[in-house]
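Biologist: I'm new to this one. Can you walk me through the model?
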Amino acid sequence: MRSVFGVLLMSLLFFFCKKELKQPKEELIMYQSSEMAALMNAMYEGNMTIKNKILEGESIGDFPETYLNIHNAVLTDPADRNASFEAFSKLYIQNMQQVYTGAKDSLKENFNKTINSCIACHQTTCTGPIPRIKKLLIK
Ligand code: HEC
């Protein structure tokens with residue numbers, strides 16, 4: 001009798017454990033990052049790398065052409081691509097290109113100007129990531 005109960009308990013535990021293990025995987029499949037969110041995360045990482053290179057006095061390479069996808073990447077909410085978004089994304093790209101082509105002695109200034117244009121757009125569309133973006137600024 002005892003062992004039957006034991007087996008039952010074991011299989012119940014096994015059942016629950018299996019369910020718990022399965023959950024994160026299902027969430028991963030369900031969570032679909034938009035093209036724009038993926039691009040934003042890539043720009044975040046890219047700019048963190050550039051920030052460190054500027055601080056180390058290393059060469060920053062060339063403007064990443066993939067950033068131009070900001071003009072056509074699909075947003076989570078496509079209605080966010082309005083006139084204001086277009087204006088802010090043009091300004092951001094202009095500033096970003098200036099970082100790569102501008103004078104070496106205004107590199108830090110140009111970089112911070114670019115990050116401030118990320119923040120400016122975010123203030124109008126998606127305020128959540130602003131504290132994170134601020135960490136990119138060079139003090
Ligand atoms: C023209 C407006 C605009 C500019 C410029 C902009 N963003 Fe965004 N950002 C958005 C919008 C809108 C979203 C939401 C995207 C979505 O959910 O599809 C977003 C999302 C994000 C996210 C969250 C992504 C996620 O996983 O949900 C991060 C991080 C981010 N942006 C960082 C940046 C950084 C860093 C820059 C500058 C290098 C930048 N953004 C420039 C509008 C902008």
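Predicted model: local features only at pLDDT ≥ 70, side-chain atom pairs only at ≥ 80, totals over all residues.

Biologist: How many helices and strands does the protein chain have?
Modeller: Five helices and zero strands. Along the sequence the pattern reads α-α-α-α-α. Helices (H or I, at least four residues) and strands (E, at least two) are DSSP runs, numbered from the N terminus.

Biologist: How much of the protein chain is buried?
Modeller: Buried residues make up 28% of the 139 residues. Buried means under 20% relative accessible area, exposed means over 50%, and partly exposed is in between (1.4 Å probe, protein chains only).

Biologist: On to the ligand. Which residues are closest?
Modeller: Met40, Thr76, Cys118, Cys121 and His122 are the closest. In total, 24 residues surround the ligand. A residue counts as near if one of its heavy atoms lies within 4 Å of the molecule.

Biologist: Which helices supply that shell?
Modeller: H2, H3, helix H4 (107-125) and helix H5 (130-134) each give at least two residues. H2 supplies the largest share, seven residues.

Biologist: Which side chains have polar atoms by the ligand's oxygen atoms?
Modeller: Asn41 has a polar side-chain atom 2.8 Å from an oxygen atom of the ligand. For Thr76, the distance from a polar side-chain atom to a ligand oxygen is 2.6 Å. A polar contact is a pair of N or O atoms within 3.5 Å; within protein, one must be able to donate a hydrogen and the other to accept it, and residues adjacent in sequence count only if both atoms are side-chain atoms.

Biologist: And what about His122 and the ligand's nitrogen?
Modeller: An N or O atom in the His122 side chain is 2.8 Å from a nitrogen atom of the ligand.

Biologist: New topic. How many aromatic pairs are there?
Modeller: A search of the whole structure finds two. Phe63 and Tyr67 make an edge-to-face pair, 6.0 Å centre to centre, with 90° between the planes. Phe63 and Tyr100 are also edge-to-face, at 6.0 Å and 75°. Rings of Phe, Tyr and Trp (its six-membered ring) pair if their centres lie within 6.5 Å; planes under 30 degrees apart count as stacked, over 60 as edge-to-face and the rest as tilted.

Biologist: Why does the Phe63 and Tyr100 pair tie separate parts together?
Modeller: Phe63 lies in the loop between helix H2 (35-56) and helix H3 (83-101), while Tyr100 is in helix H3, so the pair joins parts 37 residues apart in sequence.

Biologist: Where is His71, and is it buried or partly exposed?
Modeller: His71 is in the loop between H2 and H3. Its relative accessible area is 31%, so His71 is partly exposed. His71 and Lys90 are 19 residues apart along the chain, with C-alpha atoms 8.2 Å apart.

Biologist: What about Phe85?
Modeller: Phe85 lies in helix H3. Phe85 is buried, with a relative accessible area of 4%. Phe85 and Ile70 are 15 residues apart in sequence and 9.8 Å apart in space, C-alpha to C-alpha.

Biologist: Last one. Where is Lys113?
Modeller: Lys113 is in helix H4. Its relative accessibility is 47%, so Lys113 counts as partly exposed.

Terms used
Residues numbered from 1 in each chain as written. Heavy atoms only, no water.
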